Amino acid sequence: MSVDHHSQAARVYYRLVRDFAQSVQPWEQAVYHDVAPDERWDITLTARKVYGDAGEFLAIMAAAGLDSVDQPLEQQRLVLPTADRLRAFKRRAGFESRADHRKGGRPTWRTD
């Protein structure tokens, strides 16, 4: 993750994912992932399994309620946004986790 031009973007994104994980309704589309023992100390592994991209670790942290990448990811069922909803959250927050979608600390998909 590189430094954002908008310093609060990651915080806003984290909060959007966290709120979703805590309040999703049974009829809403979501990704349910059962954390395996090999993921305990590697949230990037979980991100690869769920989204196919280790860079999505912040979404995993948010869904699990972790404050730091150094915290263990306990075995549990995570409720995560679908890839489409995750993209919508990124746009809403002005945050981008993929380096190839960033330039000068800003998401390249931004129009402003």
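Just after helix α3, glycine 65 takes a positive phi of about 75°, helices here being DSSP runs of H or I with at least four residues and strands runs of E with at least two, both numbered from the N terminus. The model is predicted, so that local features need pLDDT of at least 70 and side-chain atom pairs count only at pLDDT 80 or more, whereas totals for chains, interfaces and linings use all residues. Residues are numbered from 1 along each chain as its sequence is written, and side-chain values use heavy atoms, with hydrogens and water left out.

Helix α3 itself (residues 57-64) is largely enclosed by the rest of the structure, because eight of its eight residues are buried, that is, under 20% relative accessible area with a 1.4 Å probe and protein chains only, where over 50% is exposed and values in between are partly exposed. The cover over these buried residues includes α1 (9-23), α2 (43-51), β2 (77-80) and α4 (83-93).

Not counting residues up to four places away in sequence, isoleucine 60 touches Ile43, Thr46, Ala47, Val50, Tyr51, Leu73, Leu78 and Leu80, contact meaning heavy atoms within 4.5 Å.

Alanine 21 lies in helix α1 and counts as buried because its relative accessibility is 15%. With residues up to four places away in sequence again left out, alanine 21 touches Ala63 and Val79.
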